[in-house]
Amino acid sequence: ALPISQPLLDARTQARQAIRQMLPTELWEQNEAFTKALCAQVQGHRFCTHPLIEAMSTRDIRLDWLKPFYSDTVHAISGRFTDYLVQAMLNCAALQPLLGVEAASASRFLLQINALDELGFVPGDLDGHFCGTPENGHLNQLFKVMADIGISEVEQAAYVASPASESVAQLIEQYRHDHLYLATLLAVMESSLNPWTECWARGTAIATGMDTSQGYHAIHTADHDGHLIDDDHSEDSWYIVRQALTLADHAAIGQLAVELLARLERYADYQFGLLEAQAQKARRTDALPA
């Protein structure tokens, strides 16, 4: 085990090292090779280069398309992501009978760093206290943007999601209490959503004139050094997966990743179809004689 205090290493690095030490070197290396290949497969999938990404960044995005896109996306993924992250911390208990209490603690420790980010904590020290505010929690910031574009919490709660959105939501919910499967779904989402963050911010700015350099959309876009918080979270999630994997799991986990990507792709196809239909309607309207 790692020493209790390693002042030259940050908490994330220490957690990742502790997780890695829980497995024999050969098994870790096999799992690492598998997950890196799987991550490359994820990032090469059509969902990550979908035509909707460019369309949201370049077209005349209108609010009557954007509002349902927010509501549908919140139902599919964004609205319960924090819930699933906290659930993943609880699921770490499944590691204890197999790998021991230190394995469960190391995974929970690493996931906690992600949860702190999601809930609005920030690095720093103020007279020995944590820094941050609940107002900056990612879900709070998302719902603030939604309120600004005219979607209340009551309206969102009553929203009837599209079948494509519900399909994504159902797959994640199905494996809510399975440590390895939920960790895999989180890892795939974290690894595939980076291309979508910038276009979502851009589409919001186009439709509303909103300053997306602040608030929710600023959280998920690159800083001045090109660093994305989602990159840290993605690799953290793959560490959780690697620790829980056995060689016998590889095929099923690969299939699960493919299934999630297929559902995400169908969701993007659905939203792109709505955008295309709106554009065609606008062209027909513009072509009518005055």
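Colleague: What should I know about the model before we start?
Modeller: It is a predicted model, in which local features need pLDDT of at least 70 and side-chain atom pairs count only at pLDDT 80 or more, while totals for chains, interfaces and linings use all residues. Residues are numbered from 1 along each chain as its sequence is written, and side-chain values use heavy atoms, with hydrogens and water left out.

Colleague: How many aromatic pairs are there?
Modeller: The count comes to 7 aromatic pairs. Rings of Phe, Tyr and Trp (its six-membered ring) pair if their centres lie within 6.5 Å; planes under 30 degrees apart are stacked, over 60 edge-to-face, and the rest tilted.

Colleague: Why is the pair of Trp200 and Tyr216 edge-to-face?
Modeller: The ring centres of Trp200 and Tyr216 are 5.8 Å apart and the planes stand at 75°, so the pair is edge-to-face.

Colleague: Are Trp200 and Tyr216 buried or exposed?
Modeller: Trp200 is buried at 9% relative accessibility, and Tyr216 is buried at 8%. Buried means under 20% relative accessible area, exposed over 50%, and partly exposed in between (1.4 Å probe, protein chains only).

Colleague: Which residues form the cluster linked by ring pairs?
Modeller: Trp65, Phe69, Tyr70, Trp200 and Tyr216 are linked into a cluster by ring pairs.

Colleague: Another topic: what lies over the face of Tyr239?
Modeller: Arg242 does, at 5.2 Å from the ring centre. The rule requires NZ of Lys or CZ of Arg within 6 Å of the ring centre and within 35 degrees of the ring normal.
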